[in-house]
Amino acid sequence: MLPAKEMANRLGTRVRRGRRKLKRLSRTATLGGLFLSFLRIGATGFGGGLAVLTQIRALAVNERRWFTEREFIEAVALAQSLPGTSAGNAVAYVGYRLRGWRGAAAAMSGFMLPSMAMMIGLAILYRHFRSLPDTDRLFHGLNAAVVALIIATAWQMGKNALHKKWQRWLALGACLAVALFKATVIEVVLLAGLVGLYVDAYAERRWQKWRRIRRLAEKRRAVLAQYERDGVISGYLTRPLSQSQTDERVGKESTKLRAFGLLIALVPLLAKLALLATLAVVFFRIGTVAFGGGLAMLPLIEAEVVETHHWLTHQEFADATALGQITPGPVLISATFIGYRVAGLLGALVATGSIFLPAFLLTIAAGSSLRRFRSNRQVQAFLRGVTPAVVGLLVASAWSIGRAGIHTWIGLSLAALGVLILLRFRLNPAWIVFGTGLIRFLIGLVLW
């Protein structure tokens with residue numbers, strides 16, 4: 001028998017070795033570990049943006065030691081330079097650096113799953129919830145909070161980005177182009193990027209590229225028009241048909257009728273597939289050109305969903321934005337709500353995947369050559385032109401959502417109060433959304 005003291009020492013040694021082994025295992029990034037780690041952040045990451053980046057930093061730098069402080073700063077800089085949300089891009093980059101594209105997919109899946117599931121649940125309950133008494137007051141308060149968040153974000157971005165006179169004029173022009181002249185947001189973003197390239201003395205080279213693309217598009221349209229003209233068959237039968245010709249023609253007509261009947265039977269399925277394809281194209285295009293974070297994408301989404309395709313009303317879009325604010329994860333999870341309203345569960349999955357896919361692919365591509373991407377002069381010039389336009393687009397979005405969702409002086413006062421609190425105290429946006437909705441609901445019980 002060993003003495004009790006020696007047994008205790010051996011036991012303590014085993015415990016210490018076990019702790020060190022567990023710590024090493026926790027720092028080893030497996031696909032399952034990435035999924036579960038970012039699942040936790042996705043379930044608790046209220047507020048989006050910097051709030052979620054803080055949680056990612058705590059996990060990757062402090063807790064798991066996957067990144068050094070310098071490496072994480074580079075990851076955040078890359079995430080903010082790409083379209084999409086900074087938090088989602090950072091998650092994809094962390095996963096990619098640790099386990100390649102599979103790690104990026106596992107990290108993003110875990111990060112998106114909680115908020116997507118919550119938003120689908122809210123979309124299912126939305127119609128019933130909206131029919132309850134007094135819910136208009138609650139959504140009135142939520143809409144006021146969304147307007148406050150957008151204005152505060154525009155102010156902070158403008159303070160950091162609008163240093164030169166041409167940038168301020170570009171922001172004002174982008175706001176007026178969308179709010180007053182109904183220009184499409186994609187046109188504004190692309191034009192602003194071209195202005196940035198022009199200012200950086202790269203306009204001529206880029207304009208030549210656009211002219212080549214335009215000429216190719218014109219040639220393509222001309223070829224298609226020629227094919228359409230050649231495909232038109234005219235004329236009439238002037239001679240009687242023989243029996244064999246008659247039988248052959250009857251057989252062809254029967255085949256056409258059967259094919260037509262099959263096509264009619266498949267119409268609902270084809271219509272559903274066409275709607276899903278349209279959803280995928282719309283949200284993929286938005287995700288490709290949207291710079292400046294989740295709130296900056298709202299004007300693009302509103303232009304496509306409300307103005308172009310009329311899938312939602314202005315009020316429904318404002319409600320979707322508010323619900324996106326009270327769920328964890330990125331603000332862009334509003335795409336899940338829109339997709340569900342348009343095409344059910346499949347629509348929710350397609351819209352969510354499509355809007356995050358471009359940023360995911362660009363993050364992987366840029367992450368493989370981080371230094372080259374950040375030092376590319378043309379890319380940085382384009383971003384310098386887009387950033388002021390995003391500020392103007394945010395103001396235009398606040399104006400549009402405010403017109404649709406704020407109908408009384410109470411809502412306007414709550415929005416102004418929310419802006420002041422956000423700029424003065426830098427609270428988590430989730431507190432502003434919940435608090436404003438609750439205050440408006442309580443005021444409604446007392447006044448109207």
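**Figure 1. Overall view of the predicted model.** The accessible surface of the protein comes to about 24,800 Å², and carbon and sulfur atoms account for 64% of that area (areas follow the Shrake-Rupley method with a 1.4 Å probe, and for residues only the protein chains shown count as cover). This is a predicted model, in which local features need pLDDT of at least 70 and side-chain atom pairs count only at pLDDT 80 or more, whereas totals for chains, interfaces and linings use all residues. Residues are numbered from 1 along each chain as its sequence is written, and side-chain values use heavy atoms, with hydrogens and water left out. The protein has 17 helices and 0 strands, both being DSSP runs numbered from the N terminus (helices H or I of at least four residues, strands E of at least two). Of the 448 residues, 44% are buried, where buried means under 20% relative accessible area, exposed over 50%, and partly exposed in between (1.4 Å probe, protein chains only). Among contacts with a separation of 6 or more, 75% are accounted for by residues 24 or more positions apart, a contact being heavy atoms within 4.5 Å.

**Figure 2. The largest nonpolar core, with F283 as one of its members.** Such a core is a set of buried Ala, Val, Leu, Ile, Met, Phe, Trp, Tyr and Cys residues joined through side-chain atoms within 4.5 Å. The largest core holds 111 residues, of which F38, I56, W66, F283 and I301 touch the most other members. Helix α5 (residues 86-130) contributes the largest share of this core, with 16 residues. Leaving out residues up to four places away in sequence, F283 touches I301, V305, A335, I338, A351, S354 and I355.

Figure 3. A search of the whole structure finds 1 cavity of 30 Å³ or more, and about 60 Å³ of space lies in the largest cavity. On a 1 Å grid over the protein atoms alone, a cavity is a set of points where a 1.4 Å probe fits but cannot get out, and lining residues have an atom within 4 Å of a point; grid points are joined across faces, edges and corners, and the volume is the space filled by probe spheres set on the points. The lining consists of G84, T85, G88, N89, A92, M108, L332, I355, F356, A359, F360 and T363. By class, the lining has 7 nonpolar, 5 polar and no charged residues (Ala, Val, Leu, Ile, Met, Phe, Trp, Tyr, Cys and Pro count as nonpolar, Asp, Glu, Lys and Arg as charged, and the others, Gly among them, as polar).

Figure 4. G287 is found in helix α10 (residues 243-289) and is buried, with a relative accessible area of 0%. Not counting residues up to four places away in sequence, G287 touches P83, I355 and P358, while its C-alpha atom is separated by 8.1 Å from that of M297, 10 residues apart along the chain. T352, in helix α13, counts as buried at 5% relative accessibility; beyond its neighbours within four places in sequence, T352 is in contact with M112, M116, I333, A335 and T336.

Figure 5. Apart from its neighbours within four places in sequence, A171 is in contact with L162, P388, V391 and G392. A171 and V386 are 215 residues apart in sequence, yet 9.2 Å apart in space, C-alpha to C-alpha.

How values were computed
On a 1 Å grid over the protein atoms alone, a cavity is a set of points where a 1.4 Å probe fits but cannot get out, and a pocket is an open set with protein on both sides within 12 Å along at least five of seven lines; lining residues have an atom within 4 Å of a point.
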